[in-house]
Amino acid sequence: MTTTPVLRALGDLAHDSAHTGTAACACAAPQVLADRPDGTVVRSGPVVAKAHAPDSEASALAARLSLAASPQLAGILLPPLPAPDGPPRSAEGRTVSLWPYGVPVDPSDPEAAPWEEAAALLARLHRTPPPHPLPPMRGPVKAARAVARMCGARPGDPAVDPVLAAWRGLPGWARAEKPAPGHRGGFLCHGDLHLGQLVRHPARHGPWLLIDVDDAGLGDPAWDLARPAAWYAAGLLPAAVWLRFLDAYRAAGGPAVRAEGDPWPDLDVAARALTVQTAAIALAKSAAEERSPDEVEQLMIDTCVRIATLPPELVSDCAS
């Protein structure tokens with residue numbers, strides 16, 4: 001394991017939590033699962049320690065962690081391990097939470113990806129009344145940050161123009177400039193749904209559960225369907241897989257889309273926003289790595305070109 005102070009501290013916290021007493025052990029070295037500015041995650045045996053983003057707002061993060069621990073979300077969200085009395089754990093000034101380890105989706109076996117299970121979990125999440133006051137879902141904030149990151153990485157570069165044009169065509173709520181419309185903005189949302197946000201717990205053969213509540217909160221539930229919708233619209237997700245996901249969500253009573261018929265009027269804005277976010281991250285990353293966008297990244301950028309040229313009459317009424 002790379003021995004930065006945060007990683008060492010997380011490894012120690014996870015290791016100590018996995019053991020009772022002070023007996024010597026022969027544990028494997030802690031394993032780094034993720035090391036990003038918005039979340040650093042280290043595993044030691046059955047315990048995972050996560051250092052949350054340095055700029056996490058304390059009360060909002062506490063509300064989100066309490067959400068994951070709420071009995072109303074049992075069987076939907078992976079609950080954290082009990083927190084100690086007193087101040088929360090920390091590492092290098094970052095709040096730390098501890099979680100049981102769950103087995104993630106296997107990226108080498110796309111045929112086994114749990115699309116239906118993810119859809120059913122989302123539908124249950126969206127139908128659950130918020131158990132306590134929660135901040136807004138952070139999906140639009142993450143999209144806005146991705147655009148800002150792109151602009152900072154490529155100042156004056158005309159390659160960003162179609163992405164910015166698609167971004168400017170979105171309504172204010174999708175750009176994190178104002179709340180979502182009242183009739184759509186009061187649902188419990190995950191905020192950053194993708195297959196990496198599911199694990200089996202108990203490990204190996206337990207049910208699938210959603211993880212990572214750092215972006216959870218109240219908002220438009222369409223945002224949680226937006227990434228697979230955007231992939232489908234761009235040609236990255238086969239139609240058969242998209243329909244399996246959508247049908248499973250509808251069968252579970254999910255409120256993000258109408259029960260039958262064309263779902264796109266409900267998904268259009270959020271799917272366009274996730275397309276912009278993905279393209280913006282692609283342009284920022286490729287600039288930082290001094291390379292051209294790869295084939296998949298270019299496909300999302302090209303999709304922004306198409307979005308930017310949509311005539312006003314083809315933009316969903318949901319954009320207002």
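Contact here means heavy atoms within 4.5 Å. In this predicted model, that criterion places Ala222, Trp223, Leu225, Ala226, Arg227, Ala229, Ala230, Tyr232 and Ala233 of helix 6 against Trp264, Asp266, Leu267, Ala270, Ala271, Ala273, Leu274, Thr275 and Gln277 of helix 8. The axes of helix 6 and helix 8 come within 7 Å and cross at roughly 75 degrees. Helix 6 is therefore roughly perpendicular to helix 8.

Helix 8, residues 264-288, also packs against helix 9, residues 295-308, with axes that come within 8 Å and cross at roughly 130 degrees. This angle makes helix 8 oblique to helix 9. The crossing of helix 8 and helix 9 is left-handed. On the helix 8 side, the contacting residues are Arg272, Thr275, Val276, Thr278, Ala279, Ala282 and Leu283, and their counterparts in helix 9 are Glu297, Met300, Ile301, Thr303, Cys304 and Ile307. Thr275 is listed in the contacts with helix 6 and also in those with helix 9.

Aromatic contacts were examined next. A pair of aromatic rings is described by the distance of the centres and the angle of the planes. Six aromatic pairs are found in a search of the whole structure. One of them joins Trp115 and Phe245, with 5.8 Å between ring centres and 85 degrees between the planes, an edge-to-face arrangement. Because Trp115 belongs to helix 3 (residues 115-127) and Phe245 to helix 7 (residues 239-251), the pair ties together parts of the chain that are 130 residues apart in sequence. Trp115 has a relative accessible area of 8% and is therefore buried. Phe245, at 0% relative accessibility, is buried as well.

A stacked pair is formed by Tyr232 and Trp242, whose centres are 5.6 Å apart and whose planes are 10 degrees apart. Tyr232 is located in helix 6 (residues 222-234) and Trp242 in helix 7, a separation of ten residues. The accessibility of the two rings' residues was assigned separately. Tyr232 is partly exposed, with a relative accessible area of 33%, whereas Trp242 is buried at 3%.

A charge-over-ring arrangement is found for Arg43, which lies over the face of Tyr101 at 3.6 Å from the ring centre.

Backbone geometry was considered last. Most residues other than glycine have a negative phi, and most peptide bonds are trans. The peptide bond from His201 to Pro202 is cis, its omega being near 0 degrees. Pro202 is situated in the loop between strand 8 (198-200) and strand 9 (208-210). The loop between strand 8 and strand 9 also contains Arg204. Although Arg204 is not a glycine, its phi is positive, at about 80 degrees. Arg204 is exposed, with a relative accessible area of 57%.

Ala176, likewise not a glycine, has a positive phi of about 65 degrees. Ala176 occurs in the loop that runs between helix 5 (161-168) and strand 7 (187-189). With a relative accessible area of 37%, Ala176 is partly exposed.

Key: Residues numbered from 1 in each chain as written. Predicted model: local features only at pLDDT ≥ 70, side-chain atom pairs only at ≥ 80, totals over all residues. Heavy atoms only, no water. Phe/Tyr/Trp six-rings, centres within 6.5 Å; stacked < 30°, edge-to-face > 60°. Helix = DSSP H or I, 4+ residues; strand = E, 2+ residues; numbered from the N terminus. Buried < 20%, exposed > 50% of the residue type's maximum accessible area, 1.4 Å probe, protein only. Lys NZ or Arg CZ within 6 Å of the ring centre and 35° of its normal. Axes fitted to C-alpha atoms, helices over the stretch in contact; angles between N-to-C directions. Parallel < 35°, antiparallel > 145°, perpendicular 65-115°, else oblique. Left-handed = near helix turned anticlockwise from the far one by under 90°.
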